[in-house]
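I set out to record what I looked up in this structure, entry by entry. The entries follow the order in which I consulted the coordinates.

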Amino acid sequence: MSDDEQLRVSKIRNGTVIDHITGGQALNVLAILGIDGSSGEELSVAMNVPSDRLGKKDIVKVEGRELSQDEVDVLSLIAPAASINIVRDFSVIEKHRVSRPSMVEGVLECPNHNCISTEDEPVESRFAVVDDGVRCEYCETIIRDDLPAHILAE
Amino acid sequence: MRHDHIISAKQLSRADIEAVLDHAADIAADPGAYADRHADTLLGMLFFEPSTRTKMSFTTAMKRLGGDIVDMGSVESSSVKKGESLADTVRVVEGYADALVLRHPMEGSSKMASEFVDVPLVNAGDGAGQHPTQTLLDLYTIRENAGFDDLTIGIMGDLKYGRTVHSLAHALTNVDAHQHFISPESLQLPRSVRYDLHQEGAEVREHTELDEILPELDVLYVTRIQRERFPDESEYRAVAGQYQIDSATLEAAKDDLTVMHPLPRVDEIAHDVDDTDHATYFEQAHNGVPVRMALLDLLLENAEVTTDE
């Protein structure tokens with residue numbers, strides 16, 4: 001293994017490795033997961049590394065946190081090929097794919113500025129996942145393209 | 001009909017629609033028989049936007065059922081002015097009333113509000129979203145005048161922002177209706193409504209000129225094109241003028257064409273249409289009372305059953 005590769009794929013002891021993220025989407029993955037490094041968690045991010053399957057892929061490693069299926073399924077909206085590896089004591093003990101959820105909550109912001117979910121009300125944004133996009137459960141606006149642009153700022 | 005809240009025309013099945021319309025017809029035939037039906041019932045009125053017809057006909061409907069209303073009044077005179085959230089307002093007012101009617105300028109407001117209350121909540125218009133009780137009275141008027149079989153209806157005007165249009169178009173997918181949509185290109189149906197119509201298997205036939213389709217119509221549903229949707233006055237005038245009708249326009253129509261309008265109208269239907277047999281918009285507005293009586297009666301009965309269970 002070259003030094004370069006060593007750097008990219010250095011192992012974590014305990015936590016989650018998200019592999020096969022669509023190239024360029026790693027920071028959006030972190031944004032969706034609400035991980036920004038501010039709470040001190042150890043993170044590794046590799047972007048646009050060569051991949052046989054995807055051409056280019058991103059990898060995110062989160063030390064000390066095992067992400068649940070619900071947490072990662074929402075990633076399928078921007079990284080449908082992502083795979084999730086749960087690591088304990090340097091070994092992968094679980095490996096699974098992301099699957100398309102029927103609903104995503106508190107992740108996206110409705111682009112309709114006249115939607116009640118964008119106001120200061122005690123509700124989280126809620127989108128149903130439909131055939132070719134997502135749809136606001138409150139105002140019914142459909143987002144088809146560029147989902148990352150609608151990720152809620154923390 | 002078993003619904004806790006009435007939020008969108010999308011939730012109404014053909015059976016729900018028939019249940020409300022049949023009940024409304026019974027009430028219209030003998031309103032006195034329902035005069036004490038809901039004595040001691042209070043309807044909470046939360047109107048965050050101006051309303052004449054909807055508010056007055058809900059008030060009349062509740063009073064004709066023997067009940068009364070409690071009214072939040074205008075936004076300026078309420079605690080909303082102090083920055084209270086809608087979720088808080090409805091949770092407070094549900095303690096004062098047996099059911100709530102909400103009109104609010106933002107889309108999705110009724111849906112959200114319904115998540116915070118246990119009493120029945122009726123959407124009386126949420127921004128450019130939905131207006132399901134208007135749709136029920138529209139359907140009642142259509143059924144009385146043209147029937148639901150092999151119906152050809154033209155819906156004209158502001159189809160993009162018109163909530164009465166969004167609700168009606170969806171509800172009509174439950175009946176044997178061919179829908180034609182007549183509007184300037186900039187005010188065509190929004191994507192979300194198109195999506196739903198396609199999902200229901202309805203064909204969306206769009207026209208920019210009324211003449212293309214007028215002779216085929218059984219019903220022409222006219223809505224107002226609002227000045228504020230256009231960047232300047234001249235553009236508005238140029239566009240709006242093409243979607244105004246008068247008695248001369250209607251010479252090309254079938255003799256029994258029913259002309260409807262949710263009102264208020266400005267100048268999209270000339271006053272000379274009022275004297276023709278086509279004009280049905282005042283009858284339509286009057287139908288708001290028996291239809292809302294029927295809906296309230298069914299909702300309140302349902303709420304009692306649910307509480308007893």
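Entry 1, a helix on a sheet. In this predicted model, I located helix α2 (residues 26–33) of chain A and found that it lies across β1, β2 and β3 of chain A. I recorded an angle of about 35 degrees between helix α2(A) and β3(A).

Entry 2, the sheet of chain A. I then traced the strand order and read β2-β3-β1-β4-β5 (chain A), an open sheet of 5 strands with antiparallel pairing. I noted β2 (43–51) and β5 (91–97) of chain A as the edge strands, each of which pairs on one side only. For one pair I looked up the detail: strand β1 (residues 15–22) and strand β3 (residues 55–63) of chain A run antiparallel and are joined by 6 bridges. Within that pair, I found Thr16(A) opposite Val62(A) in β3(A).

In chain B I followed an open sheet of 5 strands in the order β7-β6-β5-β8-β9, and its pairing is parallel. I asked why one side of β7 (205–207) and of β9 (258–260) of chain B is left without a neighbour in the sheet. Both strands stand at the edges with a single partner strand each, so one side of each has no neighbour there. The twist in this sheet averages 20 degrees from one strand to the next. I also checked strand β5 (residues 151–156) against strand β8 (residues 219–222) of chain B, and they pair in the parallel sense over 4 bridges. Ile155(B) has Tyr221(B) in β8(B) as its bridge partner.

Across their boundary, 21 residues of domain 1 of chain B are in contact with 18 residues of domain 2 of chain B. On the domain 1 side, I found that α1 (14–29), β4 (121–126) and α10 (288–308) of chain B each supply at least two residues. The largest share of that side, 5 residues, comes from α1(B). I classed the residues of that side as 11 nonpolar, 6 polar and 4 charged.

Lastly, I recorded that the contact takes 16 residues from chain A and 14 residues from chain B. On the chain B side, α3 (86–93), α4 (109–114) and α7 (191–199) each supply at least two residues. I listed the residues of the chain B side as 5 nonpolar, 6 polar and 3 charged.

Note on methods:
Residues numbered from 1 in each chain as written. Chains lettered and ligands numbered in written order. Predicted model: local features only at pLDDT ≥ 70, side-chain atom pairs only at ≥ 80, totals over all residues. Contact = placed C-beta atoms within 7 Å. Nonpolar A, V, L, I, M, F, W, Y, C, P; charged D, E, K, R; others polar. Pairing = 2+ DSSP bridges. Axes fitted to C-alpha atoms, helices over the stretch in contact; angles between N-to-C directions.
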